[in-house]
Amino acid sequence: MSVLDARSLNRAALARQLLLDRADRPVLDAVAHLGGMQAQEPQEPFVGLWSRLRDFAPRALDDLLTGRRVVRTHLMRRTVHLVTADDALAWRSRHEAMLRGRVLGTYRRELEGVDLDELAAAGRAVLADGEPRSMGELARAVAGQWPDVGPRPLGEMLVAALIPTVQLPPRGTWRTRAGVRNAPVAHWLGRAVDPPAPPGTDPVGAALVRRYLAAFGPAASADLRAWCGLAGLPAAVAAVRGELVAFRDERGRELLDLPDAPRPDPDTPAPVRFLPAFDNAVLGYQDRGRVIDDAHRGLSVTGARFVLVDGRVSATWTVEDGTVTVTPLRRLDPSERAEVAEEGSALASFLSEGGSDRVVVGAAPP
């Protein structure tokens, strides 16, 4: 079995994530290819798409949101993801047990004694009038039946787990600040989520394996689970194993992949790329070492925005008053600093719609 070294895995990940070359593809196709984009911070997907697509126009994503072709919903790992409407409908039932389990993992004591089927029915009755609601509004509307339970546990269980919901625009549209208003998926898209598969079958699990490998492979089963948060995927992996090729990494882990997916030469140049907070290019693996050093791994869950230099996390960035400020995590040589400054200037112009191209690249850490 061939061994793929760290640099080979890095270049493969960048290619799958559309970070080696900006892609000429429609926004909807990019969101589908990526298996969705983490989106609990509403503006972050715009940066993620700008770094991946040539001539990305933010209004194109707005049109998809308002046109109900992409949605913001709780899905992988119980985080808010921007996914295509088709994927939301196809995948939601497969994620339900995980979503319930993760909410209970946080609020088990508070929700002790609450019949979740009764809670779901109460929430659906409130939302049946078609009016979107915030999580707090929905929780307060049902709180009379569970007076000893706080609104937060009730609201999170309803919105993130029991009732398939979407966050409606203008939340998540370009340069817009808007609160969260939730509506049932069936109301917003005009179609209920696909029902669970018959016992003993897992077509969605098999589809997720293929989709994950297309966007993240080669990867181990542990990486797949880290991305989606689902248990019970070994059977799905086994069902499609005959379609896949296998490698090993330098630690001896088995890595699976689609046979015709890109695995670039490890010496392929990797341009500077700016990633948004919580980008799945970093978070979508159990072994994040292919893109970020262990010393900086903790930053990946704090909301830090990263700069990739030679394909690896080498700096963080922020933006304020039209100025992109880059803070290196290692020494950057003169050519790297120049490339970071050039890409940062382009990002500042994008974020300000041409109002500023200011970038500041800080000193290397001592």
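Axes are lines fitted to C-alpha atoms, for helices over the stretch in contact, and angles run from 0 to 180 degrees between N-to-C directions; helices (H or I, at least four residues) and strands (E, at least two) are DSSP runs numbered from the N terminus. The model is predicted, so that local features need pLDDT of at least 70 and side-chain atom pairs count only at pLDDT 80 or more, while totals for chains, interfaces and linings use all residues. Residues are numbered from 1 along each chain as its sequence is written, and side-chain values use heavy atoms, with hydrogens and water left out.

**View 1. Packing of helices α5 and α8.** Helix α5 (residues 85-107) packs against helix α8 (residues 151-162) at an angle of about 165°, the axes lying 8 Å apart. The two are therefore roughly antiparallel, a term for angles over 145 degrees. Contact (heavy atoms within 4.5 Å) involves R92, E96, L99, R100, V103, L104 and Y107 of α5 together with R152, P153, E156, M157, A160, A161 and L162 of α8.

**View 2. The hairpin of β3 and β4.** Strand β3 (residues 70-74) pairs with strand β4 (residues 80-84) in the antiparallel sense over 5 bridges, where pairing requires at least two DSSP bridges between the strands, and R72 stands opposite L82 of β4. Between the strands lie 5 residues, and R77 of this hairpin takes a positive phi near 60°.

Terms used. Parallel < 35°, antiparallel > 145°, perpendicular 65-115°, else oblique.
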